[in-house]
Structures are given as C-alpha cells and as structure tokens.
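Student: I have a model open on my screen and would like to learn how to read it. Could you walk me through a few features?

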Amino acid sequence: MTANDTPSGKQPTATYDSAFLKACRREPVPHTPVWFMRQAGRSLPEYRKVREGIPMLESCMRPELVTEITLQPVRRHDVDAAIYFSDIVVPLKAIGLDLDIKPGVGPVVEQPIRTRADLARLRDLTPEDVTYVTEAIGMLTRELGATPLIGFAGAPFTLASYLVEGGPSRTYENAKAMMYGDPELWADLLDRLADITAAFLKVQIEAGASAVQLFDSWVGALAPADYRRSVMPASAKVFDAVAGYGVPRIHFGVGTGELLGLMGEAGADVVGVDWRVPLDEAVRRVGPGKALQGNLDPTVLFTDKDTVEARAREVLEAAAGLEGHVFNLGHGVMPNTDPDALTRLVDHVHTHSAR
C-alpha cells in the first residue's frame, strides 16, 4: 500500500487528506498548498552547515543527512510537502557510470554516451543499488507524519542530454545531433533511460513517497514536433510504469510553454508551469483533467515584501478557475534567496487562499 491509497474498508493513510494531495487530485482544498523546487538547498544556512565538506553525490547517499536536509524547509517554512533531497544523476551513478557533480559546473560524465556500444553501460537499476534511498524515505515518512513526501527523478531527455554532452550544455548540439541524425540510437537510449528512471521512482514510491515529479529541465530546447516524436514516448513509458501505484505524477520543465499540452499528454496528473506562461493561459494549453503547479518567477523573491505578496496574488488570481493548483515557483529557489522571504510567502499564500 502506498501513502496515497484508500483501500476499501480501511482508513485513509496520514497524507491522503493533505492539501497538497487534494490539489493534485483536483479536489477542494482548505487553502492553496505550497512547496518550492530546491526548497532544501543552498538558500538555507542550516543546509550549508550540514553539507560543509561533503560532496554532493556523497550527501545524497547518507540517509541521516538526506533526512535532515529534506526536513529543513518543512520546519522553517511550513510548506505543504517535502521533496526528497537527491540529484537527477543519482540513479546513473548507482548503476556504475563514471560521473561526478563538480561545484560551479554541475554533473560531468567522464565518458559520454555517443555510440550504440555505449548503451551497454546503462544496465538496469535494482532496489539493491539504492538501498540508501529506501532507508532515507522510511526515516522521512516517520518524521513527516501527515506531510506528503514528493519523490523525483530526471526525465529521459534531460538525462540523455547530460550523458551525450558529457555535462551541462547551452546548445545540446551533440544530443540533438544524435536525435536528428541517428533516431534509432536516440530512441534506444531514451528507452533505456526510461526503464532506469521508472525503477528509481518505483523504489521511492514503495518506500513511502506520496507523489513523484519528473524533471525534464532542458526539454524546452525542443520544438513540439520533435518532442512528440523523439521524447514523449520515453516520458510516457515512465509515467505508465508508475501509474498503478495511484500516486500523483507531476511533470515539470523549463521554457516549455509550447510543450505544456504534450507534457500533460505524456501521462502527468499535474503539469508544472514556469513563469513565462500565466496559469490562466497554461490551463488552455494543457486542457481539462489536469492540475497545474507554479508559477511565481523566483527572482521576485529578491524584491520587497509588498511586491512579493502582490505578485503572489496575481498567480493565485490566474489560478482561480483551475481544477487544481499547487503554488510553486516557476523554477528552483535561487541560492541567494532570503529564507525569510520564502517563509513569508508560504504564510501569505495560505492566508490569502484560505477557503
């Protein structure tokens, strides 16, 4: 049984009636729920303190540390959901790929995936590869009680981009060249990554995650026709693989205004929207039957309290007609954000949206 199940004849689990899960299911809520992408991170002094001297990937593999970092923003901000502290390349590291997260750079892959022979390095992920995830989520769900925990993974396109490029890229020239020039190899690469991603999400759900988010951070680099033909089948495979668990599935990407409808079609229950598209326009693009998540510009938090509150109300007003809305930023919390600004924002959204 998962944290989102309501089996016949049994009481709902602790998180089932939370505002966050209700909004994801497009049910009435007592207030608009709030959480922030990258809420557990460099904007918090307590995060910087516990991470001091510990490399990023190592920190993702220490259950006690993962638990502490995941809980920090819940304690400080009173957000309506926690998100599991990890990184999108963790499952790739877990299956033995030689990669690291370099400070100031990001994930760097020692030997990029460029040929069909390279696919052999992408073996299946098993629960035994990530026992630290199961342990950490067990610790977290005991601590969180009625607060839902969101599991997450990187989407096949974004993982493929890192693997083919060898690291972060502005142009994705090698990844897109493979997609255009060798579509069969590209499809097989994404299919392999879809299996790994689905396995990673299954581990998190079975350990107790109440929802999952698929981050396709770089997919906004694609035209809709290329997304539909070359990416959507792999993303849909991931969502289909976890559909039977009954937990809400969230899909988010940056610069994806032209892809919002397709991202919903891929199988998401909730579509994340960045700050470039107003939510009342986003709902037209996505269509009925989906909740939306977003979408305050993260840089607004660098302004004064009145401006933040005014812009937050604009987001809430644009979301007034939605079937379900989860308040979030249009991307992750920036490292130099004042944590108190986030705490005040949560309180303002809760107060202003109280039903």
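Tutor: We will go through a cavity, a lysine, a threonine and the cysteines in turn. Keep in mind that this is a predicted model.

Student: Which residues line the largest cavity?

Tutor: Its lining is made of Lys305, Val308, Glu309, Ala341, Arg344, Leu345 and His348. Two elements, α14 (305–318) and α15 (339–353), each give two or more residues to that lining. The most comes from α15, with four residues.

Student: And what is the make-up of the lining of the largest cavity by class?

Tutor: Three residues are nonpolar, one is polar and three are charged.

Student: Next, a single side chain. Where is the place of Lys290?

Tutor: Look in the loop between α13 (279–286) and β8 (291–296). Leaving out residues up to four places away, Lys290 touches Arg26, Gly264, Gly267, Ala268, Asp269 and Glu323.

Student: Which backbone oxygens does the side chain of Lys290 reach?

Tutor: One belongs to Gly264, at 3.1 Å. The other is that of Ala268, at 2.6 Å.

Student: I also noticed Thr15. Is Thr15 buried or exposed?

Tutor: The cut-off to remember is that buried means under 20% relative accessible area. Thr15 counts as buried because its relative accessibility is 7%. You will find Thr15 in the segment before α1 (19–24).

Student: Which side chain does Thr15 join in a polar contact?

Tutor: That of Ser210, and the contact between the two side chains is 3.2 Å.

Student: Finally, the cysteines. How many disulfides does a search of the whole structure find?

Tutor: A disulfide is a covalent bond between the sulfur atoms of two cysteines. The search of the whole structure finds zero disulfides.

Student: What about Cys24 and Cys60: are they buried or exposed?

Tutor: Cys24 has a relative accessible area of 3%, so it is buried. Cys60 is buried too, with a relative accessible area of 1%.

Notes. Residues are numbered from 1 along each chain as its sequence is written. This is a predicted model: local features need pLDDT of at least 70, side-chain atom pairs count only at pLDDT 80 or more; totals for chains, interfaces and linings use all residues. Side-chain values use heavy atoms; hydrogens and water are left out. On a 1 Å grid over the protein atoms alone, a cavity is a set of points where a 1.4 Å probe fits but cannot get out, and a pocket is an open set with protein on both sides within 12 Å along at least five of seven lines; lining residues have an atom within 4 Å of a point. Ala, Val, Leu, Ile, Met, Phe, Trp, Tyr, Cys and Pro count as nonpolar, Asp, Glu, Lys and Arg as charged, and the others, Gly among them, as polar. Contact means heavy atoms within 4.5 Å. A polar contact is a pair of N or O atoms within 3.5 Å; within protein, one must be able to donate a hydrogen and the other to accept it, and residues adjacent in sequence count only if both atoms are side-chain atoms. Buried means under 20% relative accessible area, exposed over 50%, partly exposed in between (1.4 Å probe, protein chains only). A disulfide is a pair of cysteine sulfur atoms within 2.5 Å.
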